[in-house]
Amino acid sequence: MKLIIALIQPERLEAVKAALAEVEVFRLTVMDVQGFGRQKGHTEVYRGHEFAVNLVRKVQLMIGVNDNFLQPTIDAIIKGARTGASGEVGDGKIFVLPLEDCIRIRTGERGGEAI
């Protein structure tokens, strides 16, 4: 089992959800987050004054998958999150971590069955 953490642009969320549905991944957790990478923030104008915004809004997805769903899930996230044909800086990142256990609270099922 693996835990996939993906950081994507907020406006790409619906496209990512649609791509995940195509590969039959329907369970995910979505969180609004802020951070920066190569973008290093941006400048905005408010009431005539320019100021730096150091943190960029992103959406974080957390998806627990069995090993046989790992690559299709990654491919779907890339398909939905990439902007343009070759992508752009700020499209996001995908982290894959080992998932030691998963427990469904309602039934007590464990492991891959609980996902």
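Guide: Let us begin with a term: helices (H or I, at least four residues) and strands (E, at least two) are DSSP runs, numbered from the N terminus. With those labels, the place of Glu24 is the loop between H1 and E2. Please keep in mind throughout that this is a predicted model.

Visitor: Is Glu24 buried or exposed?
Guide: Glu24 sits in the loop between H1 and E2, and its phi is positive, about 65 degrees, although Glu24 is not a glycine. Because Glu24 has a relative accessible area of 56%, the class is exposed.

Visitor: Which element gives the largest share of the largest nonpolar core?
Guide: The largest nonpolar core has 17 residues, and those with the most contacts inside it include Ile4, Leu20, Ile63 and Ile77. Two or more residues come from each of strand E1 (2–8), helix H1 (13–22), strand E5 (56–65) and helix H2 (70–81). The largest share of this core is five residues, and the element that gives it is H2.

Visitor: How far from the backbone oxygen of Phe69 is a polar atom of the side chain of Thr73?
Guide: Thr73 counts as buried because its relative accessibility is 0%, and, not counting residues up to four places away in sequence, Thr73 touches Ile4, Leu20, Val25, Ile63 and Val65. A polar atom of the Thr73 side chain lies from the backbone oxygen of Phe69 at a distance of 2.6 Å.

Visitor: Which strand gives the most to the lining of the largest pocket?
Guide: The largest pocket holds about 350 Å³ of space, and of the 15 residues that line this pocket, the closest to its centre are Gly37, Lys58, Gly90, Gly92 and Lys93. By class, the lining of the largest pocket divides into four nonpolar, six polar and five charged residues. Strand E2 (29–35) and strand E6 (92–98) each supply at least two residues of that lining. The most, three residues, is given by E2.

Visitor: How many nonpolar residues does the lining of the second largest pocket have?
Guide: The second largest pocket has about 160 Å³ of space, and the residues that line it include Leu3, Arg27, Met62, Cys102 and Ile115. E5 gives the most to this lining, with three residues. By class, the lining of the second largest pocket has two polar residues and one charged, while the number of nonpolar residues is seven.

Visitor: What distance separates the C-alpha atoms of Glu44 and Thr29?
Guide: Glu44 is placed in strand E3 (residues 42–46), and it counts as partly exposed because its relative accessibility is 36%. Beyond its neighbours within four places in sequence, Glu44 is in contact with His49, Glu50, Phe51 and Val53. Glu44 and Thr29 are 15 residues apart along the chain, and their C-alpha atoms are separated by 30 Å.

How values were computed:
Residues numbered from 1 in each chain as written. Predicted model: local features only at pLDDT ≥ 70, side-chain atom pairs only at ≥ 80, totals over all residues. Heavy atoms only, no water. Core = buried A, V, L, I, M, F, W, Y, C linked by side-chain atoms within 4.5 Å. Buried < 20%, exposed > 50% of the residue type's maximum accessible area, 1.4 Å probe, protein only. 1 Å grid on protein atoms, 1.4 Å probe; cavity = no way out; pocket = protein on both sides within 12 Å on 5 of 7 lines; lining within 4 Å. Points joined across faces, edges and corners; volume = space filled by probe spheres on them. Nonpolar A, V, L, I, M, F, W, Y, C, P; charged D, E, K, R; others polar. Polar contact = N/O pair within 3.5 Å; in protein donor to acceptor, adjacent residues only side chain to side chain. Contact = heavy atoms within 4.5 Å.
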